[in-house]
Amino acid sequence: MRLTRLSAAVALALASTLSLAADPDQAIRQNLLSIQPDMPIEAIAESPMPGLYQVQLKGGRQLYASADGQFVLQGYLYQFKDGQVTNLTEEQESRAVAQQINGVPAKEMVVFPAKQAKTHITVFTDTDCGYCQKLHTEVPE
């Protein structure tokens, strides 16, 4: 009887380990949230580097993790290809920040239109900051 319970427990433990290994998203998410329950994870996907997963956090920040979620690193992932180097982390973070900025409704912005606009600049300011206040007084010039 005890042997049956023990073998059932071992089988259950192995099955749960295999199911975690089969779902990297769940394993990574579970481990990160156990460290910081309010971690703002937006997405988990395979990175361009085999065996490494990219964890996108709210605000565009990136982390990288192993498929089992036991190893996590923060830093830049570079790709060397055809004599060129590309900072993949920076590219991904820039896309995420641009997506957030484009999500801000125009009615919540203060817009200073130019007579002949060639491009646009999005500036975030702090209304309590002396330098920001000075910038706003000089914008019409």
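C132 is buried, with a relative accessible area of 17% (buried means under 20%, exposed over 50%, partly exposed in between, using a 1.4 Å probe and protein chains only). This is a predicted model, in which local features need pLDDT of at least 70, side-chain atom pairs count only at pLDDT 80 or more, and totals for chains, interfaces and linings use all residues. Residues are numbered from 1 along each chain as its sequence is written, and side-chain values use heavy atoms, leaving out hydrogens and water.

**Cysteines**
- C129 is partly exposed, at a relative accessible area of 21%.
- The sulfur of C129 lies 3.4 Å from its closest cysteine sulfur, in C132, which is too far for a bond; a disulfide needs two cysteine sulfur atoms within 2.5 Å.
- The disulfide count comes to zero.

- Strand β3 (residues 62–66) and β4 are joined by two bridges in the antiparallel sense, and Y64 has L73 in β4 as its bridge partner.
- In general, strands of a sheet pair through backbone hydrogen bonds, either parallel or antiparallel.

Key
Pairing = 2+ DSSP bridges. Helix = DSSP H or I, 4+ residues; strand = E, 2+ residues; numbered from the N terminus.
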